[in-house]
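Please consider the structure shown below.

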Amino acid sequence: MSTETVYRYSHTIGFYAQVGRGFNNPVDVGLGHDGILYVLNRAGADVELRMPYKRVTMCTVEEDYLGDFGSGGTGDGQLMWPVAIAIDDEGQVYISDEALQRISVFDKRGKYLGKWGIHGRGVGEFDRPAGLAFDRDGNLLVVDGLNNRIQTYTRDGTFLGSWGRAGHGEGELNLPWGIAVDRIGQIYVADWRNDRVQKFDPQGRYLASFGQPGRGQGAFHRPAGVAVDHAGTIYVADWGNHRIQVLGPDGAFLSQFRGEAGLSKWAQDYFIANQDELEERHKADLEPPLPLSACDDPREESASIEKLFWGPTAVKVDAQGRIYVVDSCRHRIQVYRKEAP
């Protein structure tokens, strides 16, 4: 009898849409405490800046559309290159923007509340802020990407401290991206250009490093997102390898999955009137994916097989153990469940 934990596909949320019901290059999802998902749409560099393509879509895990907020631009409450989203205990929404070099804050309905941050290397300054997560004390951890450090702020933007420096050694960072905090306050950073995940204590002291460059089990190519469930299991959005890898609390490889997406409710509505496109999708998905080690170019295979992940940028885990994978290039979220052996 197998003792391996199974990560079973549940369903897909979302579909491509420039406005309204759908997503446009989503890069992250915030899990609201009232069951609302806040999907952060980065859109593309080619879109007209002030159009509402760069926005936050609100929906439920059952795919009920609840509206959206935000638009492209440089003004208060607008977004240019949004990267990450986090929700505090009061339901307030925090968004990092690597072009505007700031954190913007909204209430749970999308009303703009405030912002902080300017470009720089000094105290309280950013150079392409990326991942966001709240620590056990309710303070906001901000991945300061090109400054290769983690900064800590109160929820109103008061600077509390920072740690980290550029490099390849233990505790050093090279363009970090995603971040997560486990139930005992330990911090996990997706060290993007170093192709690893690093683990720190709540004060930022180095504890461990997991992974190395490559395509094999436990190796990474530009990991973008990280999450930790209640049992301490670590999930990594292995962006360049187009997969999710699952590690034990000690960093040992446990499993991986590459995507099993079916049609979302929103996509089903579209394909009712576009049967030819639906037939072509079914043909593509009949082709079984190769083992990752046998792929000449995993990006090419992921781009051609619709059900697979294509550029997963973030992974989140909710209180029910559901795993949300932000499948950016296909404008959707794939949802999985962890099933014990």
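Phe 106 is buried, since its relative accessible area is 2%, where buried means under 20% relative accessible area, exposed over 50% and partly exposed in between (1.4 Å probe, protein chains only). This is a predicted model, in which local features need pLDDT of at least 70 and side-chain atom pairs count only at pLDDT 80 or more, while totals for chains, interfaces and linings use all residues. Residues are numbered from 1 along each chain as its sequence is written, and side-chain values use heavy atoms, with hydrogens and water left out.

The structure contains 18 aromatic pairs. Rings of Phe, Tyr and Trp (its six-membered ring) pair if their centres lie within 6.5 Å; planes under 30 degrees apart count as stacked, over 60 as edge-to-face and the rest as tilted. One of these pairs joins Tyr 94 to Phe 134 in an edge-to-face arrangement, with 5.2 Å from centre to centre and 75° between the planes. This pair links distant parts of the chain, for Tyr 94 lies in strand β7 (residues 93-97) and Phe 134 in strand β10, 40 residues apart. Strands (E, at least two residues) and helices (H or I, at least four) are DSSP runs, numbered from the N terminus. Both Tyr 94 and Phe 134 are buried. Phe 106 has Tyr 112 as an edge-to-face partner, at 5.9 Å between centres and 70° between planes. Tyr 112, at 26% relative accessibility, is partly exposed. Elsewhere, Tyr 7, Tyr 9, Tyr 235, Phe 257, Phe 309 and Tyr 336 form one aromatic cluster.

A ring may also face a charge. The charged end of Arg 222 sits over the ring of Trp 192, 5.2 Å from the ring centre; the criterion is that NZ of Lys or CZ of Arg is within 6 Å of the ring centre and within 35 degrees of the ring normal.

Thr 57 belongs to strand β4 (residues 55-60) and is buried, at 0% relative accessibility. What does the side chain of Thr 57 reach at 3.4 Å? It reaches the backbone oxygen of Gly 22. The side chain of Thr 57 also makes a polar contact with the side chain of Asn 41, at 3.0 Å. A polar contact is a pair of N or O atoms within 3.5 Å; within protein, one must be able to donate a hydrogen and the other to accept it, and residues adjacent in sequence count only if both atoms are side-chain atoms.

The structure holds one cavity of 30 Å³ or more. On a 1 Å grid over the protein atoms alone, a cavity is a set of points where a 1.4 Å probe fits but cannot get out, whereas a pocket is an open set with protein on both sides within 12 Å along at least five of seven lines; lining residues have an atom within 4 Å of a point.

The largest pocket holds about 1,200 Å³ of space. Among the 45 residues lining this pocket, Leu 31, His 33, Val 317, Asp 318 and Ala 319 are the closest to its centre. The second largest pocket has a volume of about 400 Å³. Of its 18 lining residues, the closest to the centre are Arg 42, Trp 177, Trp 192, Trp 239 and Thr 313.

Key: Points joined across faces, edges and corners; volume = space filled by probe spheres on them.
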